[in-house]
Amino acid sequence: MLKVGVLGAGHLGKIHLRLLQQSTKYELIGFYDPNPEVARKVAEEFGYKQFTTIATLIHAVDVVDIVTPTLSHYKCAKVAIKSGKHVFIEKPISNTVEEAEEIIALANDYKVLGQVGHVERFNPAFKAVKNMISNPMFIETHRLAEFNPRGTDVPVVLDLMIHDIDAILSVVGSKVKAIHASGVSVISETPDIANARLEFENGCVANLTASRISLKNMRKSRFFQRDAYISVDFLEKRCEVVKMKDAPEIPGDFDMILENAEGLKKQIYFENPDVEQNNAILDELETFADAINQGISPVVTLEQGTEALRVAYKIIECFTNNTK
């Protein structure tokens with residue numbers, strides 16, 4: 001079993017601690033949090049071993065799970081990697097693209113693995129259909145959340161939209177060639193509602209909408225490709241696949257047939273992929289353990305996390321340019 005320690009014992013850090021303690025692939029050694037009062041309460045309530053410095057925790061483990069505020073991701077990752085430890089870093093990978101690129105360089109130099117916590121890659125509904133998404137040419141995503149003061153210190157693009165940016169980049173397989181975006185600040189100092197249009201070199205277009213001041217929560221993505229429409233509800237963990245094929249010469253009574261202006265007939269049919277329920281956070285942590293043990297590439301690499309961050313900042317740049 002890999003020895004693991006957690007940096008950060010906030011809301012998400014406590015979830016990571018609980019799941020790592022349950023995992024059969026890790027031995028949870030303990031945690032560090034810079035707030036002594038928070039650290040004391042977590043240690044007393046849950047019984048996890050509290051370390052008083054980052055250095056002593058890093059020295060005691062094989063893997064460092066970084067669940068601290070984004071501003072400190074780079075500093076924590078740098079210390080861990082230079083100590084020869086593998087790193088799991090919550091999304092976004094860092095505060096700037098330059099920091100992310102240095103994390104990649106350090107990981108290569110010290111020959112350690114890193115994974116970024118883009119948890120929607122492990123959502124059971126997305127996993128159920130990902131292999132069916134092939135060369136999508138139009139993608140539409142909506143990620144709407146009720147207002148929560150936690151996270152409003154960063155633009156909604158880094159808080160929410162980056163989940164969909166990463167998921168889209170993982171299935172399109174082409175470089176982004178153009179970005180158009182706008183954002184509106186309603187209650188925060190940074191945009192609370194944003195819309196972005198990504199145009200890819202292969203002709204695919206993705207339209208993303210994110211809001212953190214909605215009246216209801218929604219996390220849906222729709223993928224359109226030749227002869228197929230695929231819908232993923234990340235919140236309800238459901239998916240829908242609608243496909244088209246050449247219509248039979250003699251349709252059945254209940255067959256759904258479409259005919260275009262040229263007389264071409266297509267039959268519509270539905271597929272219901274099995275959605276195997278899981279704990280997505282536990283899955284992402286345990287697949288990282290598998291990557292380390294087997295010497296293979298993690299599911300969400302440092303490079304992929306950096307590319308999602310790069311696109312996110314290009315979207316934010318559009319906001320600035322639009323106000324000039």
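Predicted model: local features only at pLDDT ≥ 70, side-chain atom pairs only at ≥ 80, totals over all residues.
Student: What is the bridge partner of Leu7 in β2?

Tutor: Tyr32.

Student: And what's the strand order in the open sheet?

Tutor: β2-β1-β3-β4-β5, five strands with parallel pairing. The edge positions go to β2 (26–32) and β5 (114–117); each has a single partner strand, so one side of each lacks a neighbour in the sheet. From one strand to the next, the twist averages 20° (axes are lines fitted to C-alpha atoms, for helices over the stretch in contact, and angles run from 0 to 180 degrees between N-to-C directions).

Student: Switching to backbone geometry. Which residues does the cis peptide bond join?

Tutor: Lys91 and Pro92, with omega about -15°. Pro92 sits in the loop between β4 (86–90) and α5 (97–110).

Student: Lys111 has a positive phi; where is it found?

Tutor: In the loop between α5 and β5. Its phi is about 55°, although Lys111 is not a glycine.

Student: Is Lys111 buried or exposed?

Tutor: Exposed, at a relative accessible area of 73%. Buried means under 20% relative accessible area, exposed over 50%, and partly exposed in between, using a 1.4 Å probe and protein chains only.

Student: Which residues touch the most other members of the largest nonpolar core?

Tutor: Val157, Met161, Ile165 and Ile315, out of 71 residues. Helix α7 (residues 156–172) gives the largest share of this core, eleven residues. A nonpolar core is a set of buried Ala, Val, Leu, Ile, Met, Phe, Trp, Tyr and Cys residues joined through side-chain atoms within 4.5 Å.

Student: What is Met161 in contact with, leaving aside neighbours within four places in sequence?

Tutor: Val156, Ala194, Asn195, Ala196, Leu208, Thr209, Ala210 and Ile315, where contact means heavy atoms within 4.5 Å. There is also a second, separate core of 23 residues, including Leu19, Val67, Leu282 and Ala289.

Technical notes. Residues numbered from 1 in each chain as written. Heavy atoms only, no water. Pairing = 2+ DSSP bridges. Helix = DSSP H or I, 4+ residues; strand = E, 2+ residues; numbered from the N terminus.
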